[in-house]
Amino acid sequence: NAKVECLHAFIEAHERVLNELSQLERFSAVRLCVEQVVMAAKRDLRLVEELNPRRFFYSKHALVLKICISRRKHFLEEQVREGWIAPSDAEPLITLTRELLAEIETHRPRVVTNWRGENRDLYVE
């Protein structure tokens, strides 16, 4: 799960750098190198998807869930800073979002492996 998330984050961050830094145009060798590294990371991610699709899609959905909850938490904190929400009103919600993020981080899904309903861990580490 963490490895897939790291690859997604790595690709996202480096693609953002490639798109937003106009200074890289002057250093075409550096830009080419970063593009090749990003392409290699994308190949690795596709390989993980092919070898273990359940883990890949679970990781992808868990990452999206973490992003959504983190954005909500940051939005609440921003509203408190700007004075739109009283700190006493926002604190229970911010605490809840922290707890949700911690629960997502520690959750390990189980997979039904046969018709008898026997389960096994999706992640064996």
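Me: In which helix does H8 lie?

Reply: H8 lies in helix α1. Helices here are DSSP runs of H or I with at least four residues, strands are runs of E with at least two, and both are numbered from the N terminus. This is a predicted model, in which local features need pLDDT of at least 70, side-chain atom pairs count only at pLDDT 80 or more, and totals for chains, interfaces and linings use all residues. Residues are numbered from 1 along each chain as its sequence is written, and side-chain values use heavy atoms, with hydrogens and water left out.

Me: What are the elements of the protein, from the N terminus on?

Reply: The order is α-α-α-α-β-β, that is, four helices and two strands.

Me: What span does helix α1 reach from its first C-alpha to its last?

Reply: The expected span of a helix is 1.5 Å times one less than its number of residues. Helix α1 covers residues 2-20, 19 residues in total, and reaches 26 Å, close to the expected 27 Å.

Me: Is H8 buried or exposed?

Reply: Buried means under 20% relative accessible area, exposed means over 50%, and partly exposed is in between (1.4 Å probe, protein chains only). H8 counts as buried because its relative accessibility is 18%. Of the 125 residues of the protein, 26% count as buried.

Me: Which residues in α1 are buried?

Reply: V4, E5, L7, H8, I11 and L18 are buried in α1. Seen down the axis, these buried residues fall within an arc of 165°, so they line one face of the helix. The arc is taken from the directions from the helix axis to the C-beta atoms. On the other side of α1, A2, K3, C6 and E20 are exposed.

Me: What covers the buried residues of α1?

Reply: The cover includes α2 (28-51) and α3 (53-82). A contact means heavy atoms within 4.5 Å. Leaving out residues up to four places away in sequence, H8 touches L45, F56, K60 and L63.

Me: Which residues form a nonpolar patch on the surface?

Reply: A patch is made of residues with over 30% relative accessible area and no salt bridge; nonpolar side chains (Val, Leu, Ile, Met, Phe, Trp, Tyr) are joined within 5 Å, like charges within 9 Å. A salt bridge is a side-chain nitrogen of Lys or Arg within 4 Å of a carboxyl oxygen of Asp or Glu. Accessible areas come from the Shrake-Rupley method with a 1.4 Å probe; for residues, only the protein chains shown count as cover. Here L93, L96 and L100 form the patch, with about 240 Å² of accessible area together. L100 is found in helix α4 (residues 87-106).
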